[in-house]
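Student: I would like to go through this structure and ask what stands behind the terms used for it. Where shall we begin?

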Amino acid sequence: MNDAQVSDEISRMSAALAADDAQAEVFTSTQTLAIACRILAANGHGSGLAGQMTARGDDPTTTWTLPYGVGFEEAKASDYVLVDKNFDVIEGNGRPSPANRFHLHVYQERTDVMSIVHTHPINCSALSMIGEPLRAEHMDLMFFYEDAAYLPNWPGVPFGDGEGEIIAGALGDKSAILLAHHGQLCAGPTIEAATVMGVFIERAAELQLKAMAAGTIKSVEPELGHQAHGWRHDPGAMATTFRYFARQALKTGDSPLD
Ligand SMILES: [Zn+2]
């Protein structure tokens, strides 16, 4: 198959997946967020109460976030609270963690971003301690091919606006960022896309640590990397992957949908 045929095949698949997506079960934003929390918990993203899964509200200056004290494994749709641009709760009950405040800076800077996954999973955290940016050099990780930023210095616990500005600035127009001595952040056009990237960035860090321990990481061909990046960010492919993870998450434990 030549390059043009591969592009045609990707376009056909993309159209078919978009049609599937239109037929799929529809969850509310908070239900999707709660499912996303369970997916992240099942994929190693829980680290006590650190980490957040947020999304913009219908009013784009508002944000859905979990109150402090609710972990990913137990999150339910009804736990989510809506905060305004001052981080004051305008819907729901609970007190959001001040550490979520830096999400507001990302949402402010990036009008294309509708959802953010910020976590401290083991492999991203380990990679964040050795002064190395994330390397996406494996087919499964092309979400991040030339699309992951790196913040090489830790600005401290991100409670204040200064840390939010630093992190949002370092992210720039990328889909993800590795935060030194801290963790990772993935920013997507949908909750589904942010979640899927969250799952795969932890896998990327794990593979990178293993590859670095075994030898020297080699680069993929840029043209192929860009093509694969486009496919990985296909909205239908993202939604289909999310639904697969969601089915697993909905099989176990109590329902996140309430
Ligand atoms: Zn954090």
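Tutor: This is a predicted model. Begin with helix α8, whose face turned away from its buried side carries the exposed residues Tyr244, Arg247, Gln248 and Lys251.

Student: Which residues of α8 are buried?

Tutor: They are Met238, Ala239, Thr241, Phe242, Phe245, Ala246 and Ala249.

Student: How do you know that the buried residues line one face of the helix?

Tutor: Viewed down the axis of α8, they fall within an arc of 165 degrees, so they line one face. Among the elements covering these buried residues are α1 (3-23), α2 and α6.

Student: How does the reach of α8 compare with the expected span?

Tutor: Helix α8 covers residues 235-251, which is 17 residues. The expected span is 1.5 Å times one less than the number of residues, and for α8 that gives 24 Å. From first C-alpha to last, the helix reaches 24 Å, close to the expected value. After α8 comes Gly253, with a positive phi near 65 degrees.

Student: What is the strand order of the sheet?

Tutor: The order is β4-β3-β2-β1-β5-β8-β7-β6, in an open sheet of eight strands with mixed pairing.

Student: Why are β4 and β6 left without a neighbour on one side?

Tutor: β4 (89-91) and β6 (148-151) stand at the edges and have a single partner strand each, so one side of each has no neighbour in the sheet. The twist from one strand to the next averages 25 degrees.

Student: What makes β3 and β4 a pair?

Tutor: Pairing needs at least two bridges. Leu82 has Glu91 in β4 as its bridge partner.

Student: Which strands does α6 lie across?

Tutor: α6 lies across β1, β5, β7 (176-179) and β8 (183-188), running at about 150 degrees to β8. Helix α2 (residues 29-42) lies across β1 (52-56), β2 (63-65) and β5 (115-119), at about 155 degrees to β1.

Student: How many residues does the largest nonpolar core have?

Tutor: It has 67 residues, and those with the most contacts inside it include Leu33, Phe144 and Leu185. Helix α6 (residues 191-214) gives the most to this core, with ten residues.

Student: What does Leu185 touch?

Tutor: Leaving out residues up to four places away in sequence, Leu185 touches Ile116, His118, Ile167, Leu171, Ala176, Ile177 and Leu179.

Conventions: Residues are numbered from 1 along each chain as its sequence is written. This is a predicted model: local features need pLDDT of at least 70, side-chain atom pairs count only at pLDDT 80 or more; totals for chains, interfaces and linings use all residues. A nonpolar core is a set of buried Ala, Val, Leu, Ile, Met, Phe, Trp, Tyr and Cys residues joined through C-beta atoms within 7 Å. A residue is buried if 20 or more other C-beta atoms lie within 10 Å of its own, exposed if 12 or fewer, and partly exposed in between; C-beta atoms are placed from the backbone. Helices (H or I, at least four residues) and strands (E, at least two) are DSSP runs, numbered from the N terminus. Two residues are in contact if their C-beta atoms, placed from the backbone, lie within 7 Å. Axes are lines fitted to C-alpha atoms, for helices over the stretch in contact, and angles run from 0 to 180 degrees between N-to-C directions. The arc is that of the directions from the helix axis to the C-beta atoms.
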